Amino acid sequence: MNHFIGTYECKADAKGRFMMPVAIKKQLLPMLEDGFVIRRSVFQPCLELYPMSEWNAVMEKIGKLNRFNKKHNDFIRRFTAGVKMVEVDGNGRLLIPSDLKAIAGITKELTIASAVNIIEIWDKEKYENAIDESALDFADLAQEVMGDDTNDLLS
């Protein structure tokens with residue numbers, strides 16, 4: 001599993017291409033040949049860039065769902081809606097497909113943010129709003145998600 005580090009700002013051109021920040025590109029180098037999958041996020045108004053190995057791991061889990069169960073089938077359809085394969089070109093640019101760019105409200109100013117094993121691609125203003133909104137309750141969230149140490153005390 002890959003673990004990415006960093007948050008970077010960059011600009012997209014009129015076609016939706018942006019130059020991959022050097023620090024992220026270095027982290028992605030081992031994965032450039034295999035390509036990537038880009039999709040809309042489930043919870044946020046951003047896009048998610050998956051290295052192909054990470055996407056395949058997600059698809060392995062999703063492939064175990066029962067397609068004859070309506071909820072499973074609806075989830076699969078919605079999760080994969082608008083998914084596209086993308087590559088970083090020889091100049092280090094990535095093209096955001098226009099339909100996904102519109103869904104995420106991405107304009108010229110972007111924020112590229114690491115999210116453990118994937119990269120999030122945000123409109124800069126939307127990213128700043130999401131971070132500002134969550135800052136108020138981040139301490140509570142951190143305690144709830146990461147602060148349960150009762151198991152550590154009992155072992």
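Which residues have the most contacts inside the largest nonpolar core? They are Phe18, Leu49, Leu94 and Ile121, in a core of 23 residues. The model is predicted: local features need pLDDT of at least 70 and side-chain atom pairs count only at pLDDT 80 or more, while totals for chains, interfaces and linings use all residues. Residues are numbered from 1 along each chain as its sequence is written, and side-chain values use heavy atoms, with hydrogens and water left out.

**Nonpolar cores**
- A nonpolar core is a set of buried Ala, Val, Leu, Ile, Met, Phe, Trp, Tyr and Cys residues joined through side-chain atoms within 4.5 Å; buried means under 20% relative accessible area, with a 1.4 Å probe and protein chains only.
- Another core, of 8 residues, lies apart from it and includes Val37, Met52, Trp55 and Ile62.
- Beyond its neighbours within four places in sequence, Leu94 is in contact (heavy atoms within 4.5 Å) with residues including Phe18, Leu49, Val88 and Ile121.

**The sheet**
- Six strands form an open sheet in the order β1-β7-β8-β4-β3-β5, with antiparallel pairing; two strands pair if DSSP finds at least two bridges between them.
- β1 (7-11) and β5 (84-86) are the edge strands, each pairing on one side only.
- β3 and β4 form a hairpin with 6 residues between them and pair over 5 bridges, in which Val37 is partnered by Tyr50 and Ile38 by Leu49.
- On β8, Glu120 is the bridge partner of Glu48, within an antiparallel pairing of β4 and β8 over 3 bridges.

**Strand β4**
- Because 5 of the 5 residues of β4 are buried, this strand is largely enclosed by the rest of the structure.
- Leu47, Leu49 and Pro51 point one way from β4, and Glu48 and Tyr50 point the other way.

- In helix α3 (residues 70-80), Asn73, Asp74, Ile76 and Phe79 are buried, and the buried residues of α3 pack against β3, β4 and α2.
- Just after α3, Gly82 takes a positive phi of about 80°.

Definitions and conventions:
Buried means under 20% relative accessible area, exposed over 50%, partly exposed in between (1.4 Å probe, protein chains only). Helices (H or I, at least four residues) and strands (E, at least two) are DSSP runs, numbered from the N terminus.
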